[in-house]
Amino acid sequence: MTKIEMDDMIAAIATPFGEGGIAVIRVSGPGVLKTVEPFFVSHEESKLSDAAANTIHWGKFIETSGLPIDQVLVSIFRAPRSYTGQDVVEISCHGGLAVTKKILGLLLGSGIRHAEPGEFTRRAFLAGKLDLTQAEAVLDLIHAKSDRSLEIAIRQLSGSLSKTLQEVKDELLRLLAHMEASLDFPEEDLEVDVKTGMQRQFGSVRAKIHSLLSGFERNQLIREGILVTLVGKPNVGKSSLFNALLERDRALVSDLPHTTRDPLEEALEIKGFYVRLRDTAGLISTPEHPLDKMGMDRTLEALRESHVVLCVVDGSVPFEEADRHVFNHIPKDKKILALINKSDLPLRVNLTELESLMGDRPRIGLSAKTREGFKELETKIAGFLEMKMVETGEQITKLRHKKALERASEALRRAEQSFREKLSLEFVTPDLHEALESMRELTGEVYSEDLLDVIFSEFCIGK
Ligand SMILES: Nc1nc2c(ncn2[C@@H]2O[C@H](COP(=O)(O)OP(=O)(O)O)[C@@H](O)[C@H]2O)c(=O)[nH]1
Ligand SMILES: [Mg+2]
């Protein structure tokens, strides 16, 4: 996107494309009330441009010829108290393709431009309604796939991350002010308690940045999903479990070994966590068919990427070398849960043998057929995840945040080192300025148009 105007009028359909109960067309910019006015006949017989802020009006949307198009509700927001900080009109009409296209078409024919993706939120950011992390949270909120990711997005949107970032900036500023005030004194004249005070400030801001950084990986898991992979020798019931967990027939199930070759992946929610469940081809020690070999390579790759591995054995047959072979292929740093499937059949697997292989890793007897043991499985998976996600204050959510914080952290480290080595304060302050600058980039106090383009291009049109 080349540099876009921010003070013209824009419009877009804000609801998903297709048929629905209602659709909303959003219009923003100076002059929108006057521009929409000729198309609206209010039942109150009042003019839109006279309408008070934050009011809703019922009436007809009409063509210039007077021909009615739809019965609509028009919401009026006036600058600066609106989403974008500008005058905003939202037209709620019936959610049909013809209606929405017609209304939008009329608006676009009267001096209003079609909005770019995310442009309403971009305007909100530029108007100072949101900082950059809050604008990003708008998108996270729309994309949230589980209760947990929703929780994080709404907190970030409400400004709790912004507040923590502001605290870091304030501390850096205080430290800089201290340093700059002391620059007038020769180094040896700095009182001991002034120095220890500064040392403490360094420590405090360092700890805050560190805590934000350490939450990143955990948070990424919550938003991008936790990879849970089913592995086992052929015919133990991996695909049956996969289908049963998804509650639909996604994977092929048959008595023939090697029915599954490509790993399949589907999303589901387990106790509020967004889980990406994978079914894999059975692991065997001597693949004969080249397709089996390829299937197994993919299984091994899926295993490497997984956060949790569900190692499935068939409880209705004795334990065999093939089960041992599977287990030996699971990277041991993974969370491993043993599933003894087919509990609806008589138990013939030797649990002592299983234990000698898997040690004290948790195991569950269950049945893909009767769903026995499923509650326990969900509790165990959620348990693993909760262990990883112990809350520690505010959380950053984007690689962009992580990089900015790492830059700040590195600059701070250099500043602290120079300070400890008793270098003249002139050598300390440039690094502190750099740390502060990185923090400002993070919140969007300083930004480039390119960065905004990247962030907002991910948005949908109308947001
Ligand atoms: N009785 C019983 N049979 C099962 C169960 N789970 C799977 N099976 C059967 O075991 C066979 C192999 O299942 P499948 O899911 O294709 O195994 P995979 O090769 O590990 O994916 C099929 O005939 C399934 O119907 C179960 O819990 N109980
Ligand atoms: Mg299968």
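**View 1. Helices H6 and H14 pack side by side at about 160°.** The axes of helix H6 (residues 160-182) and helix H14 (residues 425-443) lie 10 Å apart. Axes are lines fitted to C-alpha atoms, for helices over the stretch in contact, with angles from 0 to 180 degrees between N-to-C directions. Helices are DSSP runs (H or I, at least four residues), numbered from the N terminus. The angle makes H6 roughly antiparallel to H14 (a term for angles over 145 degrees). H6 crosses H14 in a left-handed sense; that is, the near helix is turned anticlockwise from the far one by less than a right angle. Contact means heavy atoms within 4.5 Å. On the H6 side, the contact includes Leu-165, Val-168, Leu-172 and Met-179. On the H14 side, it includes Leu-425, Val-428, Leu-432 and Met-439. The contact of H6 with H14 has 14 nonpolar, four polar and three charged residues. Here Ala, Val, Leu, Ile, Met, Phe, Trp, Tyr, Cys and Pro count as nonpolar, Asp, Glu, Lys and Arg as charged, and the others, Gly among them, as polar.

The model is predicted: local features need pLDDT of at least 70, side-chain atom pairs count only at pLDDT 80 or more, and totals for chains, interfaces and linings use all residues. Residues are numbered from 1 along each chain as its sequence is written, chains are lettered from A and ligands numbered from 1 in the order in which they are written, and side-chain values use heavy atoms, without hydrogens and water.

**View 2. Helices H5 and H7 cross at roughly 120°.** The axes of H5 (residues 147-157) and H7 (residues 192-224) come within 8 Å. H5 and H7 are therefore oblique to each other. The crossing is left-handed. Arg-148, Ser-149 and Ile-152 of H5 meet Asn-219, Ile-222 and Arg-223 of H7. Two of these contact residues are nonpolar, two polar and two charged.

**View 3. Leu-213 sits in helix H7.** Its C-alpha is 8.7 Å from that of His-401, although Leu-213 and His-401 are 188 residues apart in sequence. Leaving aside neighbours within four places in sequence, Leu-213 is in contact with Ile-396, Lys-402, Leu-405, Glu-406 and Ser-409.

**View 4. Ligand 1 is surrounded by 17 residues.** A residue counts if one of its heavy atoms lies within 4 Å. The closest are Lys-238, Ser-240, Asp-255, Asp-344 and Ala-368. Backbone atoms also approach oxygen atoms of the ligand. A backbone N or O atom of Asn-235 lies 2.9 Å from an oxygen atom of ligand 1. For Gly-237, a polar backbone atom is 2.9 Å from a ligand 1 oxygen. Ser-239 places a backbone N or O atom 2.9 Å from an oxygen atom of ligand 1.

Definitions and conventions. Helix = DSSP H or I, 4+ residues; strand = E, 2+ residues; numbered from the N terminus. Parallel < 35°, antiparallel > 145°, perpendicular 65-115°, else oblique. Polar contact = N/O pair within 3.5 Å; in protein donor to acceptor, adjacent residues only side chain to side chain.
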